[in-house]
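I opened the file this morning and kept notes as I went. The entries follow the order in which I looked things up.

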Amino acid sequence: MPELRIDSEGFRLDDAPFQIISGGLHYFRVHPGQWRDRLRKARLMGLNTVDTYVPWNLHEPTRGEFRMDGGLNLPAFLECARDEGLHVLLRPGPYICAEWEGGGLPSWLLTDPDLPLRTLDPRFMDAVTDFFSWLLPRVSPYLGTRGGPVLAVQVENEYGAFGNDTAYLQATAQLLRDHGVDVPLFTCDQPGDLANGGIPGILRTANFGSNVEANLETLRGHQPEGPLMCTEFWIGWFDRWGGIHVTRDVEDVAADLDTLLSAGASVNMYMFHGGTNFGFTNGANDKHTYRPTVTSYDYDAPLDESGDPTPKYAAFREVIARHAPVPDEPVLQVEKKLNLLDIHLPNRAPLLDNAARLGREAVADERPLRMEQLGQDFGFVLYETTLATPGHALLAITAYGDRAQVYVDGRPVGVLERESHQHVLAFTVDRKDATLQVLVENQGRVNYGRALRDPKGITGPVTLDGNELTGWTSRPLPLDSLDGLVFAAGLNAAGPEPTFHQGHFHLHAAADTFLDLTGWTKGAAWVNGFHLGRYWSRGPQRRLYVPGPALRKGRNELVVLELHATARSVVGLRDTPDLGPVEE
């Protein structure tokens, strides 16, 4: 494929002027069995390029242990893009934001409480160097200079919103160069952060969703010559638990896209296809109040979460056709979804009873250990200690992340939520030497701003009636495998403790669908071992997307973890999504 060059006039490809018309498509948010479908639809809309981040935390979940299998096979994704005739903008971080857990920074960086993130500190830069030393040789065959689809590579991500250490940015850029990245580099920042986030001699680009003329003028002030580019043209937005489903008017955003392209600017729509925060991978924001992001990353994008064209798809295709060739091929239509009601989940496995079968050994210590101290990134930690004296008790957990369910001898006595700034519970202890259990859920590490250092589990002292509780065990429950669960059959009502509910259903053929959990409260769901993500009756999202490749013809297994008491034992598969109410 041709090589991208930058001159004083703009981008050039194969020695001809080139306008990048791109859309965000994160390989790690899409089932790999659907990559080709999504890429083909990108080309048919008129895109000549797609953009993707690289999530360091998934590729190196443990220091020095790297993964590029299954849905993390980035070279395979790049090959799919090349096969479709699409170029790629690669954004390897190390920090990516993306409403992704920890902004893509691996949780093991937090084991050192003094390690400053996104800085020149040798401990951070050594870790980045190790990651790039592993990643970039595997990516370099796909660079445009070697006939591959990767046109350009981004340095860091919106750094100007975090700091102003140009030396750190220059060192990160040099790491890319030292590891063979010889295509153009670029940075991206919101217009007000361009001064802090740029690197001399490297293309600056801007992120915005409206006020196109003013923002391009601001960018030109910082980038006096060369191409103008909006690297994140926000055509929608993400949702948070407890909020509404955020949308953006089609005509409004299409008009802004036309303005961008008419100005000769290049653009990357964020997102073309948002996909899903499968598993426990969603991020969170904390601007004085913690707000976790929902499982769906639909983003009100041209392709919805299940890959079907939305009204924005047709509107954007029409706009693009005014400025660039659009394939003269029929646009793919909405694909039929499964509709299967009343799936019974008759088998149950209480979490507290099965905790020892779900993962690693409990670790004893005087104080509760943070999730990162346990070598754990996602999921839950179960803490236990003994309450010596019966009677009225006032429990205070001074710091935790992010939601704590408290039990005395298996009896639920209350829930503390970080986003509600709750720290104290009052309850009665019925006997001497009662067992106190605290189940703490990591609801997603903060992905943006100065609060990136976001440790999970119990992170501060725990007191009972003002006296610190000691003598704890801390048991990691990452729930990365449910193979150890022992299910018991029976339709009797589940107890008040967190419980896994299991059932089976049969299909004549696999297809996309949406898991309807109406009547359930909070938890997570798996189909055939594939972790669909979290659900929460708080909304706005009410159904979880189930990708067709995760299902199979014949018998399928469904497991739902419900964290609270429920009389429900039935779920359904529906043929439409339900992302919740929108603003009127």
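This is a predicted model: local features need pLDDT of at least 70, side-chain atom pairs count only at pLDDT 80 or more; totals for chains, interfaces and linings use all residues.

I then listed the buried residues of α5 and got Tyr168, Leu169, Thr172, Ala173, Leu175 and Leu176. Seen down the helix axis, these buried residues fall within an arc of 150°, so they line one face of α5. I looked up what covers them, and the cover includes α4 (122-139), β7 (150-154), β8 (185-189) and α6 (194-197).

I checked both ends of the helix. At the start of α5, a side-chain oxygen of Asp165 comes to within 3.1 Å of the backbone nitrogen of Ala167. After α5 comes Gly180, and its phi is positive, near 95°.

I counted disulfides and got zero. I looked at Cys188 and asked which cysteine sulfur is closest to its own. The closest is in Cys230, at 9.3 Å, which is too far for a bond.

Which way do the residues of strand β29 (residues 513-516) point? I found Thr513 and Leu515 pointing one way and Phe514 and Asp516 the other way, with all of them buried. In a regular strand, side chains alternate between the two faces of the sheet.

I next looked for the partners of β29. It pairs with strand β32 (residues 543-546) in the antiparallel sense, over four bridges. In β32, Tyr545 stands opposite Phe514. Strand β34 (residues 570-574) also runs antiparallel to β29, and three bridges join them. In β34, Leu573 is the bridge partner of Leu515.

I located Arg450 in the loop between β23 (434-441) and β24 (457-458). Is Arg450 buried or exposed? Arg450 is exposed, because its relative accessible area is 62% and the cut-off for exposed is over 50%.

Leaving out residues up to four places away in sequence, I found that Arg450 touches Phe162 and Gly163. Arg450 and Phe162 are 288 residues apart along the chain, yet their C-alpha atoms are separated by 6.4 Å. I also noted that the side chain of Arg450 reaches the backbone oxygen of Phe162 at 2.3 Å.

Note on methods
Residues are numbered from 1 along each chain as its sequence is written. Side-chain values use heavy atoms; hydrogens and water are left out. Buried means under 20% relative accessible area, exposed over 50%, partly exposed in between (1.4 Å probe, protein chains only). Helices (H or I, at least four residues) and strands (E, at least two) are DSSP runs, numbered from the N terminus. The arc is that of the directions from the helix axis to the C-beta atoms. Contact means heavy atoms within 4.5 Å. A polar contact is a pair of N or O atoms within 3.5 Å; within protein, one must be able to donate a hydrogen and the other to accept it, and residues adjacent in sequence count only if both atoms are side-chain atoms. A disulfide is a pair of cysteine sulfur atoms within 2.5 Å. Two strands pair if DSSP finds at least two bridges between them.
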